[in-house]
Amino acid sequence: MVRELLEKARKLSMFTAYNTNVDTIVYLNGETVQRLIDEFGAEAVKKRIDEYPREINEPLDFVARLVHALKTGKPMAVPLVNEELQAWFDSHFKYDVERMGGQAGIIANLLANLDFKEVLVYTPHLAKRQAEMFVKKPNLFYPVVEDGKLVLKHPWEAYRENDPVKVNRIFEFRAGTTFRLGNETITVPFSGRFIVSARFESIRIYTEPELKPFLPEIGQRVDGAILSGYQGIKLRYSDGKDANYYLREAKKDILLLKREKDVKVHLEFASIQNRELRKKVIYNLFPLVDSVGMDEAEIAYVLSALGYDRLAERIFTYNRIEDAALGGKILIDEMNLELLQIHTIYYIMYIAHADNPLSEAELRQSLELATTLAASRASLGDIMSPDQISVGMNVPYNERGEHVKLRFEEAKRKLRTREYKLVIIPTRLVQNPVSTVGLGDTISTGAFTSYLAMLREKGEL
């Protein structure tokens, strides 16, 4: 069933934008973490953990937030705002891998490797180093304007010499890693990653003015669009522009994409530490898109920004399915979403209104494709061809699968669900993943494209 659904999805043309970067990856071990703690002293690290810095301005901020992530075993991303610190990172770590990063870049390469009909990727910054991280596939294109016309080129042929490059540093950690923080021995409970995301003035999220008039043409050309990277917007810039300016432009982009054809748009949400900016992104962009994808920490952040602090706190503290489902219901109602997808380590959930054209069984199939693709990626590190989905099909559901189903049925009994379609599936969980980077993006891409494929089959697209 999964294989057949992927075949249908591969007939689609997709557009993805805006964020790409170079990911450098470090595979952490206990000795490396211990060395960092010893460099600054356990007491200084503990004190800074309590202060919980929201961005990285100096090395101690990084060490404190990293240790906090390792203690909880939860994936986290914290912005690096001090560009001068890049030299400190380069002197302290040997990078094990250098690869494509950024949601739009990861999604574009995934779709291209899965042999989708046509994949258009756009990023406002395309230096040669960045361009060469795109896979060299004949179905992958970057839109440029030449002689007043839209021209599609492979990213390798469209780079611009002087564009800036964004480098994100990813620290992969494994369950069972042990280190000491003063008198405390810490064992990492889950595998995950800690991302130090570069947030520098030179990197911005926008569409170049000369390409903007061609967005309706791009919208006509594709079946769906996956937009991401809004977490990279800053509240204020030194040139006088601010988040409101870039979000106004982002709204125009979505409306232009939909102008000639109501193309379905999915927004992949990522953690935004600043509550004010988070609120701006939610209120400006969510009402314009059809679908949103996020993890359980991100739905808690979103609910908090909307004023549901107690519910957000419950999700953060207990991570109960019923709270995530309730939060999802609130979100699709308040933001008038067609579809919300929440992915966690143990389950993936869809929440839609009862009048959604797809049945609950069909929505479940879509999620099944999503977790199978993610299991393939976790097993292999990357997906290079459509037939590699068979790797994920051989990965078992996680050990909490039956517990997830029971809790979900309980949640449905407690909540009023007649006006909604709620479906959940346990994830296929790879015990020793080659990499966890891009798994959320893979889930959202598999889910959204298979959703579109089934809508198309019903004549709803």
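The protein chain holds 17 helices and 17 strands. Helices (H or I, at least four residues) and strands (E, at least two) are DSSP runs, numbered from the N terminus. This is a predicted model, in which local features need pLDDT of at least 70 and side-chain atom pairs count only at pLDDT 80 or more, while totals for chains, interfaces and linings use all residues. Residues are numbered from 1 along each chain as its sequence is written, and side-chain values use heavy atoms, with hydrogens and water left out.

**Overall form**

The C-alpha atoms of the protein chain fill a box of roughly 65 × 55 × 45 Å along the principal axes. Of the 461 residues, 61% count as buried. Buried means under 20% relative accessible area, exposed over 50%, and partly exposed in between (1.4 Å probe, protein chains only).

The accessible surface comes to about 18500 Å². Carbon and sulfur atoms hold 48% of that surface. Areas come from the Shrake-Rupley method with a 1.4 Å probe; for residues, only the protein chains shown count as cover. Among contacts with a separation of 6 or more, 76% join residues 24 or more positions apart. Contact means heavy atoms within 4.5 Å.

Ten strands form an open sheet with mixed pairing, in the order 7-6-5-1-12-13-14-15-16-17. Two strands pair if DSSP finds at least two bridges between them. Strand 7 (149-153) and strand 17 (420-426) are the edges, each pairing on one side only. Neighbouring strands of this sheet are turned by 20° against each other on average, direction ignored. Axes are lines fitted to C-alpha atoms, for helices over the stretch in contact, and angles run from 0 to 180 degrees between N-to-C directions.

Strand 16 (347-353) has 6 of its 7 residues buried, so it is largely enclosed by the rest of the structure. A hairpin of 3 residues leads from strand 15 to strand 16. Helix 16 (residues 401-414) lies across strand 16 and strand 17. Its angle to strand 17 is about 165°.

Selected strand pairs from both sheets follow.

| Strands | Sense | Bridges |
|---|---|---|
| Strand 1 (13-17) and strand 12 (224-228) | parallel | 4 bridges |
| Strand 15 (339-343) and strand 16 | antiparallel | 5 bridges |
| Strand 16 and strand 17 | antiparallel | 7 bridges |
| Strand 2 (21-27) and strand 8 (167-173) | parallel | 6 bridges |

Phe15 has Ala225 of strand 12 as its bridge partner. Ala352 stands opposite Lys421 in strand 17. Val22 has Val167 as its bridge partner in strand 8.

**A helix crossing**

The axes of helix 10 (residues 275-285) and helix 11 (residues 296-305) come within 9 Å and cross at roughly 90°. Helix 10 is therefore roughly perpendicular to helix 11. Angles under 35 degrees count as roughly parallel, over 145 as roughly antiparallel, 65 to 115 as roughly perpendicular and the rest as oblique. Arg275, Arg278, Lys279 and Ile282 of helix 10 meet Tyr301, Val302, Ser304 and Ala305 of helix 11.
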